[in-house]
Amino acid sequence: MWNKPFEKLRRQMTCVYAAIFGVLILLIVAAAYTFIWWEILAHEKDNLIAQIYHEGEEWVESREAPCSDSAIRSGEMFAYFVDTDGETVILNQLGNGDVGKVLLRHKGDWPKQLDSSRLLRMHGADDARYRYLAAVAPVLDGDKRVGTLYMFKNMEFYYEAAYKTLFWLLCMALVLYMAACYFGYWLARRNILPISQMYERQKQFTADASHEMRTPLAVMKLAVQVLREDEDSRLGEFAKESVEMLDSEADRLSRLTENLMTLARSDEDNLPAYTEQVDMTALSHKVATQLALLAEQKQIVLKQDIQADLSVQGDELALSRLLIILLDNALKYSAAKTTVTLRGARVKEHLVIEVRDEGCGISDEDKTRVFDRFYRVDKARSRAQGGLGLGLSLAWAIVHQHGGSIEAFDNQPQGTVMYVQLPLGAR
């Protein structure tokens, strides 16, 4: 059986797997795109420098201009030839258009070192954007240098090709990511399945054992009751103490059995649907009154601070059990002459229930585990107090069945606050 907690865990694991796969896919796409663009740019830089040397040789031999008129008009290629002093212009092939003016305006960005290149990103009139690869190399006549030639090549075609390549890479990445998410969902189920099966077997055993224990426990209780009420039996003091001990332990086992069965039903989401409007003000006063005698016996002051007209949609029996668990837990671990306070209030769209005690408190480490089954902060002390380690687990199950939350906080100056939030409307 695949229940909700494991389905939630499966989705969480799928999200983790999807995030890992997504990062890996993006890294691969980024690396591939960067490598392709770097290779193209390096190739174009080498070609442009080689072209400068070739055009320089043509100039020396025949005074042929480096760029054709059609290349200048289309903006594909420009050239700028200066003397060895770097100032005297021998040939200006930047044209009369906006691109040539922008290139001259960015002359300070041209490559300075011979046989080097640089990618220029510029803006012209009307915020027009230009991207040119600029390179510079010497023009030689034999062993003599006669000038310096700058050439500029339009890179817009390569940028457009790069954007298209990136688009298709991202499309492929999206397809791979969707496949990775499906694979992650399948992998999460495969990884969780053995744990889920073990959990189901354990839960089934707990439910079966709890169910089977009810009958012999009922027989034991009946036998103990008969022994206690049988006036003809002459029991010694030790025997009477043994009967009392059996009665106490039978009660304890009965509570444990009921709690285990309730938790098993909560695991399967078999707790009843909540459609009843519960008067929480009256219910809180009722439960506090029931436990007032226990508080009095322990010399503990049980205070109530309950707002009027509090109601919530839920199961009255379960909510009563929740209040009993929280108050009983607070009374159980509070010292004499301290105060336990039950508070109920409406806060925005929630009903807030607080049980404050002035006991020894709970450490930060234990706060995250007190709602675990069979977990007890002080095991020896809990055992002496009759604790089973299931009360707060039941409280957590009841609260979450009602769509709420429960947390443990420090009380000031000492003690613990059990803080419960329940939605006022239906779940």
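Two strands count as paired if DSSP finds at least two bridges between them. That rule applies throughout this predicted model.

**Around β12**

Strand β12 spans residues 416-423. In β12, Y419 is the bridge partner of E407. Strand β11 (residues 405-410) runs antiparallel to β12. β11 and β12 make a hairpin, with 5 residues between them. In the turn, G415 has a positive phi of about 115 degrees. Strand β10 (residues 350-356) also runs antiparallel to β12. Here L351 stands opposite L422 of β12.

Is β12 enclosed or open? Buried means under 20% relative accessible area. Of the 8 residues of β12, 6 are buried, so the strand is largely enclosed by the rest of the structure.

**Antiparallel pairs**

| Pair | Bridges |
|---|---|
| β10 and β12 | 7 bridges |
| β11 and β12 | 6 bridges |
| β1 and β2 | 4 bridges |

**The five-stranded sheet**

An open sheet of 5 strands has the order β2-β1-β5-β4-β3, with antiparallel pairing. Its edge strands, β2 (89-93) and β3 (116-123), each pair on one side only. Neighbouring strands are turned by 20 degrees against each other on average, direction ignored. V82 stands opposite V89 in β2. Helix α3 (residues 98-105) lies across β1, β3, β4 and β5. The helix runs at about 115 degrees to β3.

**A nonpolar surface patch**

V16, I20, V23, L24 and L27 form a nonpolar patch on the surface. Together they have about 450 Å² of accessible area. V16 belongs to helix α1 (residues 4-62). V16 counts as partly exposed because its relative accessibility is 48%.

Key:
Residues are numbered from 1 along each chain as its sequence is written. This is a predicted model: local features need pLDDT of at least 70, side-chain atom pairs count only at pLDDT 80 or more; totals for chains, interfaces and linings use all residues. Side-chain values use heavy atoms; hydrogens and water are left out. Patches are made of residues with over 30% relative accessible area and no salt bridge: like charges are joined within 9 Å, nonpolar side chains (Val, Leu, Ile, Met, Phe, Trp, Tyr) within 5 Å. Accessible areas come from the Shrake-Rupley method with a 1.4 Å probe; for residues, only the protein chains shown count as cover. A salt bridge is a side-chain nitrogen of Lys or Arg within 4 Å of a carboxyl oxygen of Asp or Glu. Helices (H or I, at least four residues) and strands (E, at least two) are DSSP runs, numbered from the N terminus. Buried means under 20% relative accessible area, exposed over 50%, partly exposed in between (1.4 Å probe, protein chains only). Axes are lines fitted to C-alpha atoms, for helices over the stretch in contact, and angles run from 0 to 180 degrees between N-to-C directions. Contact means heavy atoms within 4.5 Å.
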